[in-house]
Amino acid sequence: MKRLRVDPIACDGHGLCAELFPERITLDDWGYPILEDGDISGKLERHAKRAVASCPVRALRLESLKTARR
Amino acid sequence: MTAPAVEATRAAPLLLTGIRNRALTLDEHMNTFGELVRHRDLIQAIARAGLRGRGGAAFPTAEKLKAVVGQRMTPTVVVNAVEGEPASSKDRALMRLTPHLVLDGAALAADAVGADRVVVALSESARPERHALAQAIRERRGAFEIATVPARFVAGEETALLQAIEGGPAKPTLKPPYPFERGYLVQNAETLAQVAIVARHGRTTGTALVTLSGAVNRPGVHEIELGGTLADVVHSLGGTSEPVSAFLVAGYFGCWVAARDAATMTLTPDNLGAGVIVALPTRASGIGETARIARYLAGESAGQCGPCVHGLDAIAGALESLARGDRAAASRLTRWTAHVRGRGACRHPDGAARLVESALAVFA
């Protein structure tokens, strides 16, 4: 079980993540990512990892739900 | 400043028992509330008393203590008397008038969690309170430090307060790590005053401090019995001074309640939040007043998270449009309040969204 998390303090709204992972990430009216809830596995995980790697400020993380709190 | 009429049958005294126009000295405090005795199982007693935080979030106090005990490091207790909420002055009233009750609670909490340090945090604008606190600390045993933080709305948010105490800016930090994971027990001043009551009597006072303002006859800090209706409470505190259309309950992160619903709304720690009650006169515009508060909250954003910075500014602008008669702004507001929820490092955008949504329900 994995899920995406964004650090809203670090995020500058570059928006690359939404382009690379539109299945789960959309942008709000100001260009900041809105992450859809839900487990990320299989093919989705590849896309998620690409989105994480593309973030210029490293604000996006893919984390295991076991260690994630709230 | 008033306390409710004391019934002879009260099982515990009131928080504001014996208050004067200055701080109670340690002797006066002990004569009023009794000696402070160490409690063998304070956390259990707090759980049984059902105490919940009085800083706004109403989190169960015993749970917070337990979480800190479970950590490996020696904890620090932080008394949060910052009270950045402009409509609230009850924590400052406690610090100014009965500081030893708060310090009792802090010392008891420190004992219960094994803390070796207690920091009392005040706003830098709270000068009489700082003076009363320093005097109270000189009168008693135990090491208490005083920390002052900038007079900003978010400075009282737990992680912002901790960052300020650690020498950084008073701005929220990302959670996790939660304060308990960093070895901090952060408790609101009124919550700790209740801890001091629970340790002595095994129960809370059953009361809460409220700050009453707006179109009322007796604005200020009052102590009320929990469980009454909003209408009864306002009436018992002197009533409204002119026709009122709605009440703002809990604070700037709270909810508007239509005056016609005041008779059926029972006040609890959950819906009272930080204890703010503002009466809005019928002649004033509810949307206009909410726009003013939303503009203030937008300006008080720590400026760190995009959705908060841009979202609260947009929401305030849309409310201003709606107040000028642009009905189309209402749908933008509905969209944007949903968009900002849960999207900041702290709950600042969530609180603003809650207030605005309640304004749309009551006034639009």
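Residues are numbered from 1 along each chain as its sequence is written, while chains are lettered from A and ligands numbered from 1 in the order in which they are written. Because the model is predicted, local features need pLDDT of at least 70 and side-chain atom pairs count only at pLDDT 80 or more, whereas totals for chains, interfaces and linings use all residues.

**Exercise 1. Describe the fold and the dimensions of chain A.**

Step 1. Chain A contains two helices and four strands. Here helices (H or I, at least four residues) and strands (E, at least two) are DSSP runs, numbered from the N terminus. Read from the N terminus, the order of the elements in chain A is β-α-β-β-α-β.

Step 2. The radius of gyration of chain A is 11 Å, close to the 11 Å that the globule rule gives for 70 residues, so chain A is as compact as a globular protein of that length. The radius is taken over C-alpha atoms, and the globule rule is 2.2 Å times the number of residues to the power 0.38.

Step 3. The C-alpha trace of chain A spans about 30 × 25 × 20 Å along its principal axes.

Step 4. Of the 70 residues in chain A, 27% are buried. A residue is buried if 20 or more other C-beta atoms lie within 10 Å of its own, exposed if 12 or fewer, and partly exposed in between, with C-beta atoms placed from the backbone.

Step 5. Among contacts in chain A between residues at least 6 apart in sequence, 61% join residues at least 24 apart. Two residues are in contact if their C-beta atoms, placed from the backbone, lie within 7 Å.

**Exercise 2. Determine how α2(B) and α3(B) pack.**

Step 1. The axes of helix α2 (residues 42–49) of chain B and helix α3 (residues 61–69) of chain B come within 8 Å and cross at roughly 155°. Axes are lines fitted to C-alpha atoms, for helices over the stretch in contact, and angles run from 0 to 180 degrees between N-to-C directions.

Step 2. The crossing angle makes α2(B) roughly antiparallel to α3(B). Angles under 35 degrees count as roughly parallel, over 145 as roughly antiparallel, 65 to 115 as roughly perpendicular and the rest as oblique.

Step 3. On the α2(B) side, I43(B), I46(B) and A47(B) make the contact, and on the α3(B) side T61(B), A62(B), L65(B) and K66(B) do. These residues divide into five nonpolar, one polar and one charged.

**Exercise 3. Locate A58(B) and A250(B), and decide for each whether the residue is buried or partly exposed.**

Step 1. A58(B) lies in the loop between α2 and α3 of chain B. Its phi is near 55°, a positive value in a residue other than glycine. With 18 C-beta neighbours inside 10 Å, A58(B) counts as partly exposed.

Step 2. A250(B) belongs to strand β7 (residues 244–250) of chain B. A250(B) also has a positive phi, of about 95°, although it is not a glycine. A250(B) is buried, with 27 other C-beta atoms within 10 Å.

Definitions and conventions:
Nonpolar A, V, L, I, M, F, W, Y, C, P; charged D, E, K, R; others polar.
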